[in-house]
Amino acid sequence: MERLLDLLRGHLRRTGRGGDPHQAARLGQAAIAVETGRLWVESAAAIAEPPSGEREPGQIVAYVNLARLAVERAGLDLMELIQRSVGLQAFMRPNPIERISRDLATYLRQPGPDRALTAAAEWTLRQEASSMDLWE
């Protein structure tokens, strides 16, 4: 995702289209998508392997499932924004955006997304803790 954002930035600079307000808005949204994915991955890693103490396995699985889906959505949003910004070139070989987008789209497709979402929702529903404390 980070590489795609870098490629978009390079494209906008090269083409002189970075000052266009629509391109700037898409670039901003792309940056949000990348950072969203990064934050979810970082948080999931911290929850899955806490430095001290143990977490309930159900809590870990629920959070990692939510992270999987959040990162997938962020990645798909990122690719759509880049494709809209770059246009047809983003779909054509040998443009690196095409190859990296294809690889990312494949990677993002994790098994059983509906099951992951409903399992996380079921765990969340069973908890008595405030939503602010679910992942503590």
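Colleague: Which helix gives the most to the lining of the largest pocket?
Modeller: H2, with six residues. This is a predicted model, where local features need pLDDT of at least 70, side-chain atom pairs count only at pLDDT 80 or more, and totals for chains, interfaces and linings use all residues. Residues are numbered from 1 along each chain as its sequence is written, and side-chain values use heavy atoms, with hydrogens and water left out.

Colleague: Which helices each supply at least two residues of that lining?
Modeller: H2, H3 and H4; helices here are DSSP runs (H or I, at least four residues), numbered from the N terminus.

Colleague: What volume does the largest pocket have?
Modeller: About 360 Å³, taken as the space filled by probe spheres set on the grid points. A pocket is an open set of points on a 1 Å grid where a 1.4 Å probe fits, with protein on both sides within 12 Å along at least five of seven lines; lining residues have an atom within 4 Å of a point. There are 17 lining residues, and Gly37, Val41, Val71, Tyr107 and Leu108 are the closest to the pocket centre.

Colleague: Switching to packing: how many residues are in the largest nonpolar core?
Modeller: It has 21, and Leu4, Leu78, Ile82 and Ile97 have the most contacts inside it. A core joins buried Ala, Val, Leu, Ile, Met, Phe, Trp, Tyr and Cys through side-chain atoms within 4.5 Å.

Colleague: Which helix gives the most to this core?
Modeller: H3, with eight residues. Apart from this core lies another of ten residues, including Tyr63 and Trp135.

Colleague: What does Ile97 touch?
Modeller: Leaving out residues up to four places away in sequence, Ile97 touches Leu4, Leu7, Ile82, Val86 and Ala90, with contact meaning heavy atoms within 4.5 Å.

Colleague: Where do Trp123 and Trp135 lie?
Modeller: Trp123 is in helix H5 (residues 113–126) and Trp135 in the segment after H5, so the pair ties together parts that are twelve residues apart in sequence. Trp123 is buried, at 4% relative accessibility.

Colleague: Which residues do ring pairs link into a cluster?
Modeller: Trp40, Tyr63, Trp123 and Trp135.

Key. Buried means under 20% relative accessible area, exposed over 50%, partly exposed in between (1.4 Å probe, protein chains only). Rings of Phe, Tyr and Trp (its six-membered ring) pair if their centres lie within 6.5 Å; planes under 30 degrees apart count as stacked, over 60 as edge-to-face and the rest as tilted.
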